Amino acid sequence: WAPRGSPEHVANIVAQLRASPAVPAVLLGNHGLLAFAADSVATARLVIILEEAAQMTLAARRLGGEQPFPPGALEAERAHMARFGSGCGRDTRKSQP
């Protein structure tokens, strides 16, 4: 943690993005979400998806807790979505030089 907008804060965000360059969002403790995509519409979609996932996680916890997917499920879902032209699961951020 560091004060919002401080050099430490920015350095922490940059470090996370460098550690996981394909991850299109960073959740900042005591602050909120930073999301990145190719354009504003794609970014808005990503934010909505993440918000819905957070709401579902909280609802699952009220029902006894979220359950992990079995091994390979994420890859199978991404392959399934790719067959139908979905952009979900791909890095949608613009390439950085």
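## Overview

A residue counts as buried under 20% relative accessible area, as exposed over 50%, and as partly exposed in between. Leu33 has 36% relative accessibility, so it belongs to the partly exposed class. That cut-off will come back several times in this tour of a predicted model.

The protein has three helices and two strands, and from the N terminus on the elements run α-β-β-α-α. Of its 97 residues, 15% are buried.

## The hairpin

Let's begin with the two strands. Strand 1 covers residues 25-28 and strand 2 covers residues 32-35; the two pair in the antiparallel sense over four bridges. Within this pairing, Ala25 has Ala35 in strand 2 as its bridge partner, while Val26 stands opposite Leu34.

Strand 1 and strand 2 form a hairpin, with three residues between them. Asn30 sits in the loop that links strand 1 to strand 2. Its phi is near 60 degrees, which is a positive value in a residue other than glycine. Is Asn30 buried or exposed? Asn30 counts as exposed, because its relative accessibility is 81%.

## Helix 2 and its ends

Helix 2 spans residues 40-62. Its 23 residues reach 33 Å from the first C-alpha to the last, close to the 33 Å expected at 1.5 Å a residue.

Both ends have a detail to look at. At the start of helix 2, a side-chain oxygen of Asp39 comes to within 3.1 Å of the backbone nitrogen of Val41. Just after helix 2, Gly64 takes a positive phi of about 120 degrees.

## A nonpolar surface patch

Which residues form the nonpolar patch on the surface? They are Leu27, Leu33, Val47 and Leu50, and together they have about 340 Å² of accessible area.

Leu33 lies in strand 2, and Val47 is in helix 2. These two residues are 14 residues apart along the chain, and their C-alpha atoms are separated by 8.1 Å.

## The salt bridge

How many salt bridges does a search of the whole structure find? The search finds one. In this salt bridge the side chains of Arg61 and Glu66 meet, with 2.9 Å from N to O. The pair qualifies because a salt bridge needs a side-chain nitrogen of Lys or Arg within 4 Å of a carboxyl oxygen of Asp or Glu.

Note on methods:
Residues are numbered from 1 along each chain as its sequence is written. This is a predicted model: local features need pLDDT of at least 70, side-chain atom pairs count only at pLDDT 80 or more; totals for chains, interfaces and linings use all residues. Side-chain values use heavy atoms; hydrogens and water are left out. Two strands pair if DSSP finds at least two bridges between them. Patches are made of residues with over 30% relative accessible area and no salt bridge: like charges are joined within 9 Å, nonpolar side chains (Val, Leu, Ile, Met, Phe, Trp, Tyr) within 5 Å. Accessible areas come from the Shrake-Rupley method with a 1.4 Å probe; for residues, only the protein chains shown count as cover. The expected span of a helix is 1.5 Å times one less than its number of residues. A polar contact is a pair of N or O atoms within 3.5 Å; within protein, one must be able to donate a hydrogen and the other to accept it, and residues adjacent in sequence count only if both atoms are side-chain atoms. Buried means under 20% relative accessible area, exposed over 50%, partly exposed in between (1.4 Å probe, protein chains only).
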